[in-house]
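Try each task before you read its solution.

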Amino acid sequence: MEPNFEGICAIVRSVGWGAAEILANQAQSFEVEKSGDSPVTSADLAANRYILEKLQAVFDPQVFAYLSEETYQSEPLESRIGRDWVWIIDPLDGTKDFINRTGEYAMHIALTYRGRPVVAVVACPGFGKLYSATLRGGTWVENQNGDRQRLQVSNKTEFSDLTVVASRSHRDARFNQLMDHFPVTQQKQIGSVGCKIAAIVEQKADLYVSLSGKSAAKDWDFAAPELILTEAGGQFTYFDQSPIQYNREDVSQWGGILASNGQVHGELCQTAIALLEEIDRG
Ligand SMILES: Nc1ncnc2c1ncn2[C@@H]1O[C@H](COP(=O)(O)O)[C@@H](OP(=O)(O)O)[C@H]1O
Ligand SMILES: [Mg+2]
């Protein structure tokens, strides 16, 4: 029997709002605990503690493994590899934007089964919104007043009508070249993967392109946003159109990823591969 994903999602939505409040309060005043390319603040740590405590009180760690950006390095690999049910958590996605106070930061929680997301919550405290999705249950947005509505991606198909979102801070020369030659010319920069996917399910954008360089995005950056997008009718794959696998030994997601409204997904994936071949030939 399939577990009650809607019941699980209701619990995670409540945890998501609690974590969103911690982040919004910390946004007024926080400490930078680690600077550099992967900064950590007091907000990441406080939200992480809260989320793990709340989830572990309900979802027995004997049954559910936990993979969180802030604690995965201190946990042995055996605690999660080969486990069916894994919570994948990013307590603060878009830390650079959080520090720079753009409001574009998010909190991600996904429940995965055998490496694929089945329940997801993405909160965007800077915009007072929380997105949730369950496998085959659709994508929903709610505000602090409890108003809730179902979301669907755009149905745009013409390249000239599409808008692509990409990272503000994770861009190297190869990625910039890809975007310069990309057939979709309306481009926006938004911080955090969660806020980028929120823009797509709110029909303010239609695609997201991400490419690893010396470093790569990690499982917790993509797991929850992926389900939020696919349950709203979009697609989220590697450039070769294969599905993202989570909870492998290496939590880095190397290579290129396209998230889209699903209308011209295959064509854009093929274009991205062809462009990279050309760029790499020099
Ligand atoms: N090429 C890349 N290399 C490393 N991390 C990346 C990346 N692209 C995206 N990310 C990760 O994805 C998140 C969103 O990045 P961005 O706001 O630039 O789109 C960040 O997570 P964290 O803020 O949780 O560290 C960042 O670490
Ligand atoms: Mg992140």
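## Exercise 1: The whole protein

Before going on, a word on the ground rules. This is a predicted model, in which local features need pLDDT of at least 70 and side-chain atom pairs count only at pLDDT 80 or more, while totals for chains, interfaces and linings use all residues. Residues are numbered from 1 along each chain as its sequence is written, chains are lettered from A and ligands numbered from 1 in the order in which they are written, and side-chain values use heavy atoms, with hydrogens and water left out.

Next, take the overall dimensions. The C-alpha trace spans about 50 × 40 × 40 Å along the principal axes of the protein. A compact globule of 282 residues would have a radius of gyration near 19 Å, and the 18 Å of the protein agrees with this. That radius is taken over C-alpha atoms, and the globule rule is 2.2 Å times the number of residues to the power 0.38.

Finally, look inside. Buried residues make up 54% of the 282 residues, where buried means under 20% relative accessible area, exposed over 50%, and partly exposed in between (1.4 Å probe, protein chains only). Among contacts with a separation of 6 or more, 64% join residues 24 or more positions apart; a contact means heavy atoms within 4.5 Å.

## Exercise 2: Helix α1 and L23

Task: work out which elements cover the buried residues of α1, and whether L23 is buried or exposed.

Solution. Start with the inventory: the protein has seven helices and 16 strands. These are DSSP runs numbered from the N terminus, helices being H or I with at least four residues and strands E with at least two.

Then take α1, which has 24 residues and reaches 35 Å from first C-alpha to last, close to the 34 Å expected at 1.5 Å a residue. The expected span is 1.5 Å times one less than the number of residues. Its buried residues include F5, V12, G16 and A20, and their cover includes α2, β4, α3, β5, β6 and β7.

Last, zoom in on L23, which sits in α1. L23 is buried, with a relative accessible area of 0%. Leaving aside neighbours within four places in sequence, L23 is in contact with residues including A43, P91, F98 and P125.

## Exercise 3: Helix α7

Task: find what the buried residues of α7 pack against.

Solution. Helix α7 covers residues 265-281 and reaches 25 Å, close to the expected 24 Å. Among its buried residues are L268, C269, A272 and L276. The buried residues of α7 pack against α4, β12, β14 and β16. After α7 comes G282, with a positive phi near 90°.
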